[in-house]
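I opened my notebook to look through one structure, a piece at a time.

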Amino acid sequence: MRRRTFLGLLAAGAGLTRIAPAADTALLVAEMTLEEKLGQLAMLSADYAVTGPTVAGDVSGELRAGRVGSLFNLWGREAIRAAQRIAVEETRLGIPLFFALDILHGFRTIFPIPLAEAAAFDPALWEETARAAAVEAIAAGVDLTFAPMLDVARDPRWGRIAEGPGEDPCVADRFATAKVRGYQGSGLAATPKHFAAYGASAAGRDYAAVDISERALAEIYLPPFRAAIDAGALALMPAFTDLAGVPLTANRALLTDTLRTDWGFDGVVISDYNAIAELTRHGVAADTAEAAALALRAGVDIDMMSRAYRDGLPVALDRGLVTLAEIDTAVARVLALKARLGLFADPFRRAGPVEPAPPPRALARAAAARGLTLLTNRGDTLPIETPPARLALIGPLADAPADMLGPWAGAGRPDEAVALLPALRDVWPDARIDHVPAVPIAGGEPARIEAGLAAAVAAATRADHVLLCLGEAASMSGEAASRAHLSLPGQQQALADAVLATGKPVVLLLFSGRPLILPDLFDRAAATVACWFPGSEAGPGIADLLTGRVAPSARLPVTWPRAEGQIPIAYAARPGGRPENRNDHYTSKYIDLPNSPQFAFGHGLSTTSFTMTDPAAEGTGPITARTTVANAGRRAGTATVFLFLHDPVSIISRPTLELRRFTQVTLAPGERREVAFTLARDDFAALDAALRPAVEPGAFDLHLGFSADPAALRTIRVTVA
Ligand code: BGC
């Protein structure tokens, strides 16, 4: 039988490999009807039944007809096997499906949201959690994840800031490499998304227009994608948005010229959900056929959900808007991905029986703790080393397991997530814990709110320690969750005011997918921890930090604004001709607020203190900068050391700080260690007027510090030859 021959040929690439069996895919493509080709380009979602994901009746019909090439939102080996069997045994050519899912921060065991993980500033951790997620996902039959999400974001109104690595391209670059290695090293194909500049959506509104300079695109938004492609990512997803009027789904300059020609990407481009059909709403296509033609010609291989390729490409062919060769190219790429996934060698390789592995709960607990960012800590409030006798645990997020998972919780289950209340019962078995949710996260009836506030005040008054768990529901960040007001939702501010009015020292535990604007609470709480959404082991991770079992080590991967009016905000800004001067009216400032943020990028307290001495540098390119970091406190801790660069005089004005390196040192009390960073000559390069990297020899400032707060940086002037 002919079909077996082709499948046999493609079976050669059994592992996850970067080498595409081009000749063999071409042979198979030559055998296919147009309908079969369009089937390979169609990706559909499975249904979610109460008992788990299933293939809906109408999707099975489409599978049987060979009209689907890949499915997403389906997992579980049995379900995958059933769907794969239809593709392999009941379609004419028997081409296997691949199965995809959004695995952003864990499959079933959920790690902290990416923004929280970024706060750990540890590429080894980023890689390890990706690997653990991949192992779990593959055991459930999944072939590909729609991750990592690499959108640099400087606008916390945008809910999707939660899904990515924060504001800085250097951090995002390292994050991209680590995640692609972690996923693909374990056999799960990665799909960096959303290419590109989605994070710059106007006014922080999801799906809104994007209009940024080519320089900003090249310097800020593209580098993490380049890193992901260099790390071997097998797929990529364009953003829903446009860039200066050209939707990314139709953006040939980026999807073909930059991605494929300049960067050498030879993987598969998968549209975002329904994005091809939405080209008509963008106003760049008159109908489905035009939309399909624009996307295909731009370089989009797979149509996720819109059916625009199926319905539109035949018409586009008739109208001469696309050629069969263009369709064949996309089909060949999809087949090559399937070959790289080893699916021709064994379509059931991720659908056979598997030994259940223990879930990576210990890693989830450690990762949860490593994302917890200690923002304030007056008078050594934390850690609470002596178990409390009576504890008031107040607020709607103290026992909200589902919310602990955050947005994009994969196959994570609320009943397997541990919130703070049970974790504290565990670590402080003798403490009397008064748990008072007091108010819902949002909404609530006035009478019940009043009663809730009264109960919270009573509990706080009786307690020797008060923990206040406030913030957002998981659904308030992530996709389509932009917020114009970044204050506490519902009646939570009233709850905080009431509890603080008791005069008890209050530890504020803040759950959110973004920085929140709560200026007075940072001043009034005894300590504040940005917990973000810590995942399945939220409670134990937070308890580890509260009790001092784990020292806080996270640092902010985003600048934390004082007010919505400062947004967009990032530490890396060009100085302008009239930098802020409070004594000079005609300078760049607000008349009603300092320019400085609430907390700088990189801010995060330890429960010890660190010093940095003897900064020095040697060389003229490469240049090595050194400093000695010492633990001057009485507890062990981890310092994060940042190296920023500034070119004080350059043809193109440069930001006053640009991150080039970061590292961590864990030190016992009294211990000191030298930290050294070597910058190659290329690290001093910036994009010239033609957007080509160039080094302008001369003086540069290297700034070493524990955050981007300019007041605390140590500066070394160096000369690049
Ligand atoms: C999101 C993507 C996601 C896709 C599939 C879209 O709405 O923008 O990030 O991968 O859905 O779930």
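I began with a term: helices (H or I, at least four residues) and strands (E, at least two) are DSSP runs, numbered from the N terminus. What I have is a predicted model, in which local features need pLDDT of at least 70 and side-chain atom pairs count only at pLDDT 80 or more, while totals for chains, interfaces and linings use all residues. Residues are numbered from 1 along each chain as its sequence is written, and side-chain values use heavy atoms, with hydrogens and water left out.

**Entry 1**

I found another cis bond from Lys 193 to His 194, where omega is near -5°; His 194 belongs to strand S8.

Next I looked at phi. Phe 121 is not a glycine, yet its phi is positive, about 45°. Phe 121 lies in the loop between helix H6 (114-118) and H7. Is Phe 121 buried or exposed? I noted that Phe 121 is buried, with a relative accessible area of 2%; buried means under 20% relative accessible area, exposed over 50%, and partly exposed in between (1.4 Å probe, protein chains only). Asn 274 also has a positive phi, near 65°, and its place is the loop between S12 and helix H12 (279-282).

I moved on to strand S9 (residues 235-238). Ala 235 and Met 237 point one way and Leu 236 and Pro 238 the other way, and all are buried.

Which strands pair with S9? Two strands pair if DSSP finds at least two bridges between them. Strand S8 (residues 193-195) pairs with S9 in the parallel sense over two bridges, and Met 237 is the bridge partner of Lys 193. Strand S12 (residues 268-269) is also joined to S9 by two bridges and runs parallel; here Leu 236 stands opposite Val 269.

**Entry 1: helix H10**

Helix H10 (residues 223-230) has these buried residues: Pro 224, Phe 225, Ala 227, Ala 228 and Ile 229. Their cover includes S8 and S9 from my last entry, along with helix H8 (169-185), helix H9 (214-221) and helix H11 (252-262). After H10 comes Gly 232, with a positive phi near 100°.

**Entry 2: Glu 472**

My last stop was Glu 472, in the loop between strand S17 (465-471) and helix H20 (492-500). Glu 472 is buried, with a relative accessible area of 0%.

What does the side chain of Glu 472 meet? A polar contact of 2.6 Å joins it to the side chain of Arg 514. (A polar contact is a pair of N or O atoms within 3.5 Å; within protein, one must be able to donate a hydrogen and the other to accept it, and residues adjacent in sequence count only if both atoms are side-chain atoms.) The backbone nitrogen of Gly 513 lies 3.0 Å from a polar atom of the Glu 472 side chain.

Conventions
Contact means heavy atoms within 4.5 Å.
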